[in-house]
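Here's a quick briefing to read with the structure open beside you. Take a look at the fold before going through the points below.

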Amino acid sequence: MESKKIQNTDCFLFDLDGTVYLGDELLPGARELLNYLDINKRPYFFLTNNSSRSRADYSLKLAKYKLEIPEDKIFSSGMATAIYLKKQKPGANIYLVGTPSLEEEFRAYGFDLVDQNPDYVVLGFDTTLTYEKIWKLTDFLVEGRPYIATHPDINCPTPDGFMPDIGAMMAMIKTSTGRDPDVVVGKPHAPMVEAIVELTGYKPENLTMVGDRLYTDIAMGTAGIQTVLVLSGETNIEDLVSAPNQPDLVCENLGDLLLHLKVI
């Protein structure tokens, strides 16, 4: 991707974990890039697969870095899953494996969260996961209940390495039940792309996704979205050699991307 093509992007989509921040640290160039976009009135949203937090949680976290980001600029796989299911069956009974924040989000979309006779079983990134939750989920899957996962991420980056994400839980559940999710919603899958196109009002070819994961952020390119890989999170430059999804541009971090945007 040439710098000129980046400059013509109508709207940027930024991943959060490993792109804007890592743990409790704001990553290099993040503040400067967002200030540049604000000053030049360039639209952007934050698009995260992490379904363990609500929009309010993310807004509060960003405020700790003195980044005043309104909630309506933040879009998560948890929200996209709720939107997807609302289109399928408004007010459905759902067995949700997720954090209290995700539970609150689902209730806000009008769903009843139940532990008996659910219409759907939903697996989120649950940092409050218990054996009892997994056991009940697998029982429902053996019964044949529809099974939805909020996103496919295997690990979540941390300053010290990685923590197991929902993809690791999906692998465990498949070993037990033989079932993969019937639908995976988050990046790079179709429900997430459709939701973000609807949210922004821009066609995929006029969007640029900026993130640190090849198999989620950069794989958004298969939907016609331009992609920028930052090496501040999960991916190393060596990983590109065998990667099936190649970015249009590789940057060390958001500060490096800012330099490309400023090229005349």
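Which residues lie nearest the centre of the largest pocket? They are Asp 17, Asn 50, Arg 53, Cys 156 and Met 163, out of 13 residues that line the pocket. Keep in mind that this is a predicted model.

**The largest pocket**
- Its volume comes to about 170 Å³.
- Strand E10, residues 155–158, gives the most to the lining, with 3 residues.
- Sorted by class, the lining has 5 nonpolar, 5 polar and 3 charged residues.

**The open sheet**
- Here 5 strands line up in the order E7-E6-E8-E9-E12, and the pairing is parallel.
- E7 (112–113) and E12 (183–184) stand at the edges with a single partner strand each, so one side of each has no neighbour in the sheet.
- Helix H5 (residues 100–108) packs on this sheet, where H5 touches E6 (93–97), E7 and E8 (120–123).
- The direction of H5 makes about 160° with that of E6.
- E9 (residues 147–149) is joined to E12 by 2 bridges, and these two strands run parallel.
- Across that pairing, Ile 148 sits opposite Val 183 in E12.

**Helix H4 against helix H8**
- H4 (residues 77–88) and H8 (residues 190–200) pack with their axes 10 Å apart, at an angle of about 95°.
- Angles of 65 to 115 degrees count as roughly perpendicular, so that's the description for H4 and H8.
- On the H4 side, Ser 77, Ala 80, Tyr 84 and Lys 87 meet Pro 191, Met 192, Ala 195 and Glu 198 of H8.
- By class, that contact has 5 nonpolar, 1 polar and 2 charged residues.

Technical notes:
Residues numbered from 1 in each chain as written. Predicted model: local features only at pLDDT ≥ 70, side-chain atom pairs only at ≥ 80, totals over all residues. Heavy atoms only, no water. 1 Å grid on protein atoms, 1.4 Å probe; cavity = no way out; pocket = protein on both sides within 12 Å on 5 of 7 lines; lining within 4 Å. Points joined across faces, edges and corners; volume = space filled by probe spheres on them. Helix = DSSP H or I, 4+ residues; strand = E, 2+ residues; numbered from the N terminus. Nonpolar A, V, L, I, M, F, W, Y, C, P; charged D, E, K, R; others polar. Axes fitted to C-alpha atoms, helices over the stretch in contact; angles between N-to-C directions. Parallel < 35°, antiparallel > 145°, perpendicular 65-115°, else oblique. Contact = heavy atoms within 4.5 Å. Pairing = 2+ DSSP bridges.
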